[in-house]
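Open the model in your viewer and keep the selection tool at hand.

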Amino acid sequence: MSTAATSFPERNAAEAADLALTTAAAAPEVLARRIRQRRQMYVGQVASYSLGASVLLLYAYDGVISMGVPSLFWLGGLLTIGTFTVLSEAGFGDRFEDHYLTVFQISAHMSLQLLFLLAVPTVGVAFLAVLFLIFAFGTLRMTSSQAMLTWGLATCGLALVFLASDLPIGLPVTTQLQRAASMLCFVLVIGQCAFLGLFGATLRKILYRRSIELKAAYQRIEELAELDELTGSYNRRCIMRLLDAEIEKSRQTSTPCAIALIDLDWFKRINDAHGHPVGDEVLRTFAITIFANIRPADCFGRYGGEEFLLLLPGTDGDAASRTLDRLRGIVADLDWSAFSPGMRVTISAGVVTLRDNDTADTFLVRADSALYSAKPQGRNRIATS
């Protein structure tokens, strides 16, 4: 005749899911939500005890039990709930992993049911039925060790009732009112168990959906960790990792591999003359242009500042030079005046192919040397080494 079920299972399940996915270092907002959820739980318990007391009142009206039993039962429930409410408002449970104090709550409510079972055995089956409801609530919160502990306590209590006493535990059905009251006992317990089942099913669905969302978020984080935020190309760490992989793959398959170190000509002048926001748009447009004109197998990343590294697997020196010269022409022919009238952007690049004794560092040094040999020649050109 008591339960910790709350009023709105779907909303409360969503909040429970949020709390389940929250780290132990709970923020004030999370602590406030925990308190709110516990308050809802205690309101549900008060409602449940009130319904149970109403059923006992029917028995009392028919003369089966004393008129004081329903009041004592209701007051006992309120005292139990009030004790945990005070602890909740004081934040006592927040220091524990199980901030609901589930084992203590179940033990307290179970003890109250067994006490009234011993005191009023005439309607004892009604109190026994509520034990199922109490444990139905516990399954939503308990760990396996907590479940074993509370099961052991329940076994001891029931052994005391059934084996250490000869009380005539029953459920009166002599009169029509008694039959109605007995029916209500089971109807209320079944209804509240169904409510808890709905809460648990909703919680599982929400946790499953949140786990899918969490996986998607992790995937997005991994993608962002590999990409340059401004241009959408690979960042330096990622492009260097891909370079190592391409070198290893080229040697294993005995296929050529070329790289190009690309630099935007006079980029500092663009920033100084037009401002960094325009410079950022130039870098972004340049990266988009390169992406649109390279093969899917090619890898393009920001090496640093206005320098970019292009990996060309399976490409020999001549093909790599032709590719970079084509890209150079495409960039030079773009209408950059959309950013500023008269603006012109060109690129220079150093193209090199992998040698037998190359490491990633020596490979890049040769590409860098080829790039800077293009600068004195007037820029807007491709140099090889």
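Begin with the second largest pocket, whose lining has five nonpolar, three polar and three charged residues. This is a predicted model. Select Asp265, Trp266, Arg269, Ile270, Ala273, His274, Met343, Arg344, Val345, Thr346 and Asn380 to show the lining. The pocket holds about 200 Å³ of space.

Stay with two of those lining residues, Trp266 and Arg269. Arg269 lies over the face of Trp266, 3.6 Å from the ring centre.

Now select Arg236 and Tyr303. Arg236 lies over the face of Tyr303, at 4.1 Å from the ring centre.

Next, the aromatic rings. How many aromatic pairs does the structure hold? There are 10. Show Phe92 and Phe96, which form an edge-to-face pair. Their centres are 5.5 Å apart, with 65 degrees between the planes. Phe92 is partly exposed, at 30% relative accessible area. Phe96 is partly exposed too, at 37%.

Move to Phe286 and Phe300. Their ring centres are 6.0 Å apart and their planes stand at 70 degrees, so this pair is edge-to-face. The pair links distant parts of the chain, 14 residues apart. Phe286 sits in helix α10 (residues 276-291), and Phe300 in strand β2 (residues 299-304).

For the last stop, select Tyr49, Phe73, Phe116 and Phe127. Together they form one aromatic cluster.

Key. Residues are numbered from 1 along each chain as its sequence is written. This is a predicted model: local features need pLDDT of at least 70, side-chain atom pairs count only at pLDDT 80 or more; totals for chains, interfaces and linings use all residues. Side-chain values use heavy atoms; hydrogens and water are left out. On a 1 Å grid over the protein atoms alone, a cavity is a set of points where a 1.4 Å probe fits but cannot get out, and a pocket is an open set with protein on both sides within 12 Å along at least five of seven lines; lining residues have an atom within 4 Å of a point. Grid points are joined across faces, edges and corners, and a volume is the space filled by probe spheres set on the points. Ala, Val, Leu, Ile, Met, Phe, Trp, Tyr, Cys and Pro count as nonpolar, Asp, Glu, Lys and Arg as charged, and the others, Gly among them, as polar. Rings of Phe, Tyr and Trp (its six-membered ring) pair if their centres lie within 6.5 Å; planes under 30 degrees apart count as stacked, over 60 as edge-to-face and the rest as tilted. Buried means under 20% relative accessible area, exposed over 50%, partly exposed in between (1.4 Å probe, protein chains only). Helices (H or I, at least four residues) and strands (E, at least two) are DSSP runs, numbered from the N terminus. A charge sits over a ring if NZ of Lys or CZ of Arg is within 6 Å of the ring centre and within 35 degrees of the ring normal.
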